[in-house]
Amino acid sequence: MSCNSCSTGKDGQPKGCKNNGTCGTDSCNKLTVFDWLANMSLPQGEEPFIGVEVRFKNGRKQYYKNTENLSLSIGDIVATQAKSGHDIGMVTLTGELVRVQMKRKKIDINDEENVMKIYRKASQKDIDVWSGARDKEEPMKVKARQFAIDLKLKMKISDIEYQGDASKATFYYTAEERVDFRELIKVFAREFRTRIEMKQVGFRQEAARLGGIGSCGRELCCSTWLTDFRSVSTSAARYQQLSLNPLKLAGQCGKLKCCLNYELDAYLDALKAFPKNDTKLYTEKGTAVCQKTDIFKGHLWYAYEGEWMNWHVLTTDQVKEIIDKNKAKQKVASLEEYAAELIQDTKTEFENVVGQDSLTRFDGPKHKNKLRKNKGKQRRRKKPQNNAKK
């Protein structure tokens, strides 16, 4: 996700807008929303919506009220109200689309506890204090992790976020069990000399904050567009006939990948046309048990009990026909009669339509090179013999 003016420059730094990923168009940021209502004018007599969406570090977003009627646009740095002091964030959305987002998330604009006010546009002094506090976060995180290790606490401090006025630091951590960090807070307050807030997040939320590249080669869904984390179970992998290897099914958060749920509904709808796998087929030759299913082709593989190495492929219609006959207390002669009807075309031919070289051009044996090497070795052996005769 990037704007048209960004490209990779020297040492991996973004080139173009020179803002290192926080460009004024807000297209390089995580969880960016396209304002498709920006070009639409309001009806006569309708006042613009006072709600504004403001983004903070690592995709954290909150909604505020523009009670001062400031002229705000996407990318503006604003000073917002906080429980104590003020915070600095970037405007990511304004107008009627904010009303739609707040309605979807069930947030009331009149809720003073959750929806605070925007004070003003950030001055240069506010931005200097904010950027100075952001520069302290990385060395603080290294020290904080060392303090947690020294106190032998089973927790991992994943990120630190300073408030815009540098009056408070929020420590995000993950832990599998309940952690007593009262002594740790005392150490933090004595070392960093600021107000400390500890906030526990899940492993998926930690991956969303840190970001990264998934096994598919793209940015993590949780750090780009995914906001709701639904539970994922191994049954989703079973329905899709995936290998139950935890190393392949787990994401960077250590939990099952969220993308296992993306196509699950399509697989469940397709499996409705298939008979149950535990249904046995009774024939005169013996009882057959299902070994494998192919959802895309609509095929099932059955094997006789005691002959597990010989599989017979059948279609769903053929299996249903055999099941109906079994329910009528009739046995078919054998599965081979049905399997013989399927003509398997396993030969696949590829044509070179682009004019490129063959993909198998390196697979053949290189006889010429071997002959040259052998001749070279024979010549080397013959030379010392000739010298010895002389």
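**Entry 1: the model.** I note at the start that this is a predicted model.

**Entry 2: helix α1.** I looked up helix α1, which spans residues 96-104. Which of its residues are buried? I found Leu97, Val98, Gln101 and Met102. These residues cover an arc of only 140° around the axis, which puts them on the same side of α1. I wrote the general rule beside this: an α-helix has 3.6 residues a turn, so residues three or four places apart point the same way.

Next I asked what the buried residues of α1 pack against. The partners are three strands: β3 (51-55), β4 (61-65) and β6 (86-94). On the face turned away from the buried side I found Lys103 and Arg104, both exposed. Just after the helix, I noted that Lys106 has a positive phi of about 60°.

**Entry 3: Asp159.** I then went to strand β8 (residues 156-162), where Asp159 sits. Is Asp159 buried or exposed? Its relative accessibility is 5%, and the cut-off for buried is under 20%, so Asp159 counts as buried.

I also checked what surrounds Asp159. Leaving out residues up to four places away in sequence, it touches Lys57, Asn58, Lys141, Thr170, Phe171, Tyr172 and Arg209. With one of these, Lys57, there is a polar contact between the two side chains, at 3.1 Å.

**Entry 4: Phe34.** I looked for Phe34 and found it in the loop between β2 (14-15) and β3. Its relative accessibility is 66%, and exposed means over 50%, so Phe34 counts as exposed.

**Entry 5: a four-strand sheet.** In what order do the strands of this open sheet lie? I read off β11-β12-β13-β14, with antiparallel pairing. The edge strands are β11 (281-282) and β14 (311-315), since each pairs on one side only.

I took a closer look at one pair. Two bridges join β11 to β12 (residues 287-294), and these strands run antiparallel. For Tyr282, the bridge partner in β12 is Thr287.

**Entry 6: helix α9.** Last, I looked up helix α9, residues 316-327. It lies across β11, β13 (299-304) and β14, and runs at about 95° to β14.

Terms used:
Residues are numbered from 1 along each chain as its sequence is written. This is a predicted model: local features need pLDDT of at least 70, side-chain atom pairs count only at pLDDT 80 or more; totals for chains, interfaces and linings use all residues. Side-chain values use heavy atoms; hydrogens and water are left out. Buried means under 20% relative accessible area, exposed over 50%, partly exposed in between (1.4 Å probe, protein chains only). The arc is that of the directions from the helix axis to the C-beta atoms. Contact means heavy atoms within 4.5 Å. A polar contact is a pair of N or O atoms within 3.5 Å; within protein, one must be able to donate a hydrogen and the other to accept it, and residues adjacent in sequence count only if both atoms are side-chain atoms. Axes are lines fitted to C-alpha atoms, for helices over the stretch in contact, and angles run from 0 to 180 degrees between N-to-C directions.
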